[in-house]
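This report covers the salt bridges, aromatic pairs and nonpolar core of one protein model.

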Amino acid sequence: MHMNVAPYLLTEDRAEYERVLDDALSTAHARPDLAGVGTRLTAGQLRSMALNATALITTAAAGEYDHFVKVREQGRLAVATRIPVPQDGSGAGIVAIVTVMVPVLAGSAAFIFLLVGALLHAIAPTVVFGATLLTAGLVFGAVAAAGLLCAAIGLLRTALRNSPTATVTAGPPATAPDDELSRAREAWRLALLERGVLPFLRDALAAAHRNDDPTP
């Protein structure tokens, strides 16, 4: 069944309109003014009629809907402005790679040089090359330690740079926009139900009752 959509009813809100309509039909038995549901007209017939009259029904809550859409767009804009814009990270990526690789390579070289130098020194203590390898191993060990220190400093700086700034920025709590959006949505749903859906259903049932009455 084709549903006519009012010019101001966005596509993303059609499902919400249908939910309000379905809730009204599912609780019709608890509303004396909708006692004719199921006898004069079925819930399916009323639903089809209300979907075809979407433009008329939603007009009754146009003010609340406009406010709801405005609050929602403001919230989306606020979220978009809080998303950090990624910067050109080519240089930072090279630095990060070097920072990670230097301790690894230097540590590996230090281990090899120290191991080979220690073996040579143990086998032939008089060979100078063994002492040279031990010295080179110590140098590479110092380089690996310095690289680890630089990596730790870099991680600390990154953590501080990406730390939340909510405590610095003055303003309402982060949940305030969500609360306002929820209130605007509920106000629209209530207005849509009370001023749009229910009057339409009552009128449809009353018209069906008049058509069923015999003509005097």
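## Salt bridges between and within helices

Glu18 has a relative accessible area of 25%, so it counts as partly exposed; buried here stands for under 20%, exposed for over 50%, and partly exposed for what lies in between (1.4 Å probe, protein chains only). The model is predicted, with local features requiring pLDDT of at least 70 and side-chain atom pairs counted only at pLDDT 80 or more, while totals for chains, interfaces and linings use all residues. Residues are numbered from 1 along each chain as its sequence is written, and side-chain values use heavy atoms, with hydrogens and water left out.

Side chains of opposite charge can pair when their charged atoms come close. The term salt bridge is used for a side-chain nitrogen of Lys or Arg within 4 Å of a carboxyl oxygen of Asp or Glu. The structure contains 11 salt bridges. Details of some of them follow.

| Glu18 | Arg47 | 3.0 Å |

Glu18 in helix H1 and Arg47 in helix H2 are 29 residues apart, and their pair links distant parts of the chain. Helices are DSSP runs (H or I, at least four residues), as are strands (E, at least two), numbered from the N terminus. Arg47 is partly exposed at 26% relative accessible area.

The bridge of Glu64 and Arg195 also links distant parts of the chain, from helix H4 to helix H7 across 131 residues. Glu64 is partly exposed at 23% relative accessibility, and Arg195 is partly exposed at 44%.

Glu73 and Arg76, by contrast, both sit in helix H4, 3 residues apart, about one turn of the helix. Arg76 is partly exposed with a relative accessible area of 40%, and Glu73 is partly exposed with 38%. These two belong to a salt-bridge network that links Glu12, Asp13, Arg72, Glu73 and Arg76.

Asp13 is placed in the segment before H1. With a relative accessible area of 3%, Asp13 is buried. Apart from neighbours within four places in sequence, Asp13 is in contact (heavy atoms within 4.5 Å) with Tyr65, Phe68, Val69, Arg72 and Trp188.

Glu16 lies in helix H1 and is buried at 12% relative accessible area. Beyond residues up to four places away in sequence, Glu16 touches Arg185, Trp188 and Arg189. The C-alpha atoms of Glu16 and Arg185 are 9.6 Å apart, although 169 residues separate the two along the chain.

## Aromatic pairs and the core

Rings of Phe, Tyr and Trp (its six-membered ring) pair if their centres lie within 6.5 Å; planes under 30 degrees apart count as stacked, over 60 as edge-to-face and the rest as tilted. There are 3 aromatic pairs by this rule. Tyr65 and Trp188 make a tilted pair, with 4.9 Å between centres and 50 degrees between planes. Tyr65 belongs to helix H4 (residues 62-82) and Trp188 to helix H7 (residues 176-212), 123 residues apart. Phe68 and Trp188 are stacked, because their ring centres are 5.6 Å apart and their planes are at 10 degrees. Since Phe68 is in helix H4 and Trp188 in helix H7, this pair ties together parts 120 residues apart in sequence. Tyr65 and Trp188 are buried, as is Phe68. Tyr65, Phe68 and Trp188 form one aromatic cluster.

A nonpolar core is a set of buried Ala, Val, Leu, Ile, Met, Phe, Trp, Tyr and Cys residues joined through side-chain atoms within 4.5 Å. The largest such core has 32 residues, and those with the most contacts inside it include Phe68, Trp188 and Ile57. Helix H1 (14-26), helix H2 (43-52), H4 and H7 each give two or more residues to this core. H7 gives the most, with 13 residues. Leaving aside neighbours within four places in sequence, Ile57 is in contact with Tyr17, Ala50, Leu192, Gly196, Val197 and Phe200.

## Whole protein

The protein has 7 helices and 0 strands. Of its 216 residues, 24% count as buried. Among contacts between residues at least 6 apart in sequence, 80% join residues at least 24 apart.
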